[in-house]
Amino acid sequence: MRLIKLTIATILVSMLVAVTYFVFERSVSIATEVVWQQWFSTDQSRLMILPIIFGLGYVYFGAQHYLDGKHENRLTHSLEENPKPTLGSLFKILGLGFLSLVAGASLGPEAILVPACILIGSYTGKHIFKTTEATTKTLAQLAFIALFAAFFNSVYAGLLGLFLVLKRHKSKPSIIFILLAVVASAVTVAVQNKLDPSPFVEASTAGFEITLLGLFGLLILVFIGTLLTHGIDYTTRFSVRMHKKVAAKGWWASAFIACSGLSILYLIGGPLVQFTGNAEIQPMLEQAPQIGFFGIMLIIIIKLAAISWSKALGYRGGMIFPSVFVAAAVVALMQLYLTDIHFVYGLVAVLVGMYLTDKKLKILF
């Protein structure tokens, strides 16, 4: 009976996670499209980003100060959050995250959705199914796994989430927990496909043929991935020092510096360096031959700076998804000169290098 109840709770949590992910992503996408493109036409009139970044930026930083001031001067990561299982906490997390991303933060939704979905799991276990504390914790972990499946629309990605949960809690999984993780991933993907089956990137299916030159290129990309993570770490530390200097003067001063830096970076880098980067990957790949070597290099450098600046200066969001955009830009740059590298393999190679380096630096997760 307990197992049946836990399975039903897992299915409900997974469905709620999929819907939350879809609604949040779609809301941010629609809001940025309406504000940045339809109302202000920022792609055509680049200076129009200034009233958006400063206007919405002050709304966001003010809301954060008065609703969640304890986090405004602290660099947080998505796996650190352990919110109280209340509906008020859920709306605060999603609301502030929404304002941050629409205001232009060059960050991903994962650092917002991770605590939100963990909260959904905890709330479901505690208030709906009246489970024990241990079972409530299990549902929170399964919500995290379900979110990973939603991020990449893949059951296998959910199993990656399972790996991260086990690594974080340093525990050995039971057979039941593994089966529930599969159920959570499968239900999430099924709901996700009903809501929005389209991927962000349309890439051809990767074959298994890898040439010697292509293998050498992949090794180079792994090395570049390590350099990118060091670059994010360095620029983040610089940005944190900048934030500390102005934070003591009040949130108004912090907001002004944050908005000023982001505006300058976006004016230099252009539309492709804005926002999370998910929707910008495909246009960047299509434009890569026209942009050329120096153009792509500029995009990579500015995007790295925008990611670090956004995170360190107090915007909410994660560094993982925008880092995927940077990795995609590196692969596009390599493909200008080495056609033996398939995009999918190249992207994985860069991300492997970034992940291995982050195990020491702990800046992305």
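Lys 130 is exposed, because its relative accessible area of 61% is over the 50% mark. In this predicted model, Lys 130 sits in the loop between helix H4 (110-128) and helix H5 (133-152). Its backbone is worth a look too: phi of Lys 130 is near 55 degrees, a positive value in a residue other than glycine. Why does that stand out? Because most residues other than glycine have a negative phi.

Ser 41 does something along those lines, with a positive phi near 45 degrees, and Ser 41 isn't a glycine either. You'll find Ser 41 in the loop between H1 and helix H2 (49-68), just after H1. Is Ser 41 buried, exposed or partly exposed? With a relative accessible area of 28%, Ser 41 counts as partly exposed, because that value falls between the 20% and 50% cut-offs.

## Helix H1, end to end

Helix H1 takes in residues 2-39, which makes 38 residues.

Now for Tyr 66 and Trp 251. Their ring centres lie 6.3 Å apart with planes at 75 degrees, so this pair is edge-to-face too. Again distant parts of the chain are linked: Tyr 66 belongs to helix H2 and Trp 251 to helix H9 (residues 251-269), 185 residues apart.

## A ring cluster and a charge over a ring

Tyr 21 and Phe 151 turn up again in a cluster, where ring pairs link them with Phe 144, Phe 148 and Phe 321. Elsewhere, what sits over the ring of Phe 325? That's the charged end of Lys 303, placed 5.4 Å from the ring centre.

## Inside the nonpolar core

The largest nonpolar core has 101 residues, and the members that touch the most others are Leu 221, Ile 300 and Tyr 315. What does Leu 221 contact, once its neighbours within four places in sequence are set aside? The list runs to Val 330, Val 331, Met 334, Ile 341, Gly 346, Ala 349 and Val 350.

Ser 122 lies in helix H4. Its relative accessibility is 12%, so Ser 122 counts as buried, the cut-off being under 20%. Leaving out neighbours within four places in sequence, Ser 122 is in contact with Pro 85, Thr 136 and Ala 140.

Technical notes: Residues are numbered from 1 along each chain as its sequence is written. This is a predicted model: local features need pLDDT of at least 70, side-chain atom pairs count only at pLDDT 80 or more; totals for chains, interfaces and linings use all residues. Side-chain values use heavy atoms; hydrogens and water are left out. Helices (H or I, at least four residues) and strands (E, at least two) are DSSP runs, numbered from the N terminus. The expected span of a helix is 1.5 Å times one less than its number of residues. Buried means under 20% relative accessible area, exposed over 50%, partly exposed in between (1.4 Å probe, protein chains only). Rings of Phe, Tyr and Trp (its six-membered ring) pair if their centres lie within 6.5 Å; planes under 30 degrees apart count as stacked, over 60 as edge-to-face and the rest as tilted. A charge sits over a ring if NZ of Lys or CZ of Arg is within 6 Å of the ring centre and within 35 degrees of the ring normal. A nonpolar core is a set of buried Ala, Val, Leu, Ile, Met, Phe, Trp, Tyr and Cys residues joined through side-chain atoms within 4.5 Å. Contact means heavy atoms within 4.5 Å.
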